[in-house]
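Colleague: I'm new to reading models like this one. Could you take a close look at the charged side chains for me, and at the parts that surround them?

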Amino acid sequence: MKNLYQPQPVKIEKIEFLSPSVKLLRLKKRLNFVPGQFVLAGLWGYGEAPFGPASSPYQKQYFDLMVRKGGTVSAAFHSLKKGDEITVRGPYGNGFPLDFFKGKDILMVSGGCGIPPIASLTEYLIKNREDFGRIYLAYGATNPDEILIKDMVDRWQKSVKVLLTVDAPTPDWRGRVGFVTELIKEMKVNPLDTVVVMCGPGPMVAAMEKILKSIGITDRRIFISEERKMQCGIGKCQHCATGEKYVCLDGPVFNYDEIDKNFD
Ligand SMILES: Cc1cc2nc3c(=O)[nH]c(=O)nc-3n(C[C@H](O)[C@H](O)[C@H](O)COP(=O)(O)OP(=O)(O)OC[C@H]3O[C@@H](n4cnc5c(N)ncnc54)[C@H](O)[C@@H]3O)c2cc1C
Ligand code: FES
């Protein structure tokens, strides 16, 4: 039996820029995961960091990571090329409660590099389209170059209403300008039938919370994917503790009424 806690070498099948600061790493490995779970991906000599698979959970040949260049590990990943190897362990964490979502309208809200688990969830929802009501994806990026789902939008639009917006347009941008929170005005939301899934920057989540409350969506129907610094990924090091919960074991997906809402 494979040891889930042991880093496995995985080959990079494709690596490309999705935006000036984010690269897609396509990894040649079948990963059985639930959207919302994460892996710890690493490079010998640099360390490991958590990333949420962005590809369809039904994909059997590979899985994709979207990596924003930030600190040590992600910068090292950005310097790699096709054929290089990284290490992966996991998947860890709980993932989205897909059974609870069944039969309901789904509103996904995401900003910037919060999109990977939402992208994977979108693929799942499309594959099982008849199990759900209306599906919306509201996605905001700082500018058009930072939209990470450009290649998916046309395909997704056939099954999901995708609403994009940017904070700062470029001269050739013909789409919406403004915060992702504005997009709710374009949706038909029945508060009793809708579950909301959020993954993105703290200020976006905080602003969205107010709007969702004002239209009558209770915290029990809101799910959020939390990001914390992690080390072990298996509930031993306490790096990811938030109150009495560990993000690596109890999350990263939490019901909105379970979390500490002090967003920075
Ligand atoms: C469940 C989960 C899923 C995630 N999924 C993704 C994902 O799909 N894609 C993604 O890109 N990220 C994702 N993250 C976030 C990612 O794991 C973190 O950003 C991680 O810290 C990156 O590791 P790193 O070694 O590159 O950065 P770190 O070295 O840990 O640095 C993190 C941040 O601190 C800043 N920093 C580092 N060193 C310094 C310094 N000396 N001075 C000032 N600032 C500094 C960096 O600029 C960076 O923004 C996820 C996190 C969690 C918990
Ligand atoms: S990452 Fe070590 S306890 Fe969660």
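Modeller: Glu182 is partly exposed, because its relative accessibility is 41%. Keep in mind as we go that this is a predicted model. The partner of Glu182 is Lys185: their side chains meet in a salt bridge, with N and O 2.7 Å apart. Lys185 itself is exposed, with a relative accessible area of 65%. This pair belongs to a set of twelve salt bridges.

Another one of them joins Lys245 and Glu258, whose closest N and O atoms are 3.5 Å apart. This pair links distant parts of the chain, since Lys245 lies in strand S14 (residues 245-246), Glu258 lies in the segment after S15, and 13 residues separate them. Lys245 is partly exposed at 29% relative accessible area, and Glu258 also counts as partly exposed, at 36%.

Now let's go to a pair in another setting. Arg26 and Asp64 form a salt bridge through their side chains, at 2.8 Å from N to O. Here too distant parts of the chain are linked: Arg26 sits in strand S2 and Asp64 in strand S5, 38 residues apart. Both Arg26 and Asp64 are buried.

S2 covers residues 22-27, and six of its six residues are buried. Val22, Leu24 and Arg26 point one way from S2, while Lys23, Leu25 and Leu27 point the other way. That is a pattern you will meet again: in a regular strand, side chains alternate between the two faces of the sheet. S2 also has pairing partners. Strand S1 (residues 8-19) runs antiparallel to S2 and is joined to it by six bridges, with Ile15 as the bridge partner of Leu25. Two residues lie between S1 and S2, and the two strands form a hairpin. S5 is joined to S2 by six bridges as well, again antiparallel, and Val22 stands opposite Arg68 there.

What about a buried charge without a salt bridge? Lys104 is one to look at: it is buried, has no salt bridge, and its nearest side chain of opposite charge, Asp193, is 7.3 Å away. A salt bridge needs a nitrogen and an oxygen within 4 Å. The side chain of Lys104 does reach the backbone oxygen of Phe100, at 2.5 Å. Lys104 is in the loop between H2 and S7. Apart from neighbours within four places in sequence, its contacts are Asp131, Phe132, Gly133, Asp193, Val195 and Arg221.

S7 takes us on to an open sheet of seven strands, in the order S10-S9-S8-S7-S11-S12-S15, with mixed pairing. Strands S10 (176-177) and S15 (253-255) stand at the edges with a single partner strand each, so one side of each has no neighbour in the sheet. Within this sheet, S11 and S12 (residues 222-225) run parallel and are joined by three bridges, and Val197 stands opposite Phe223 in S12.

Let's finish with a helix that packs against some of these elements. Eleven of the 13 residues of H3 are buried, so the rest of the structure largely encloses this helix. Its buried residues pack against several elements, including strands S5, S7, S8 and S11 and helix H2. Among those buried residues is Glu123, a charged residue.

How values were computed
Residues numbered from 1 in each chain as written. Chains lettered and ligands numbered in written order. Predicted model: local features only at pLDDT ≥ 70, side-chain atom pairs only at ≥ 80, totals over all residues. Heavy atoms only, no water. Buried < 20%, exposed > 50% of the residue type's maximum accessible area, 1.4 Å probe, protein only. Helix = DSSP H or I, 4+ residues; strand = E, 2+ residues; numbered from the N terminus. Contact = heavy atoms within 4.5 Å. Polar contact = N/O pair within 3.5 Å; in protein donor to acceptor, adjacent residues only side chain to side chain. Pairing = 2+ DSSP bridges.
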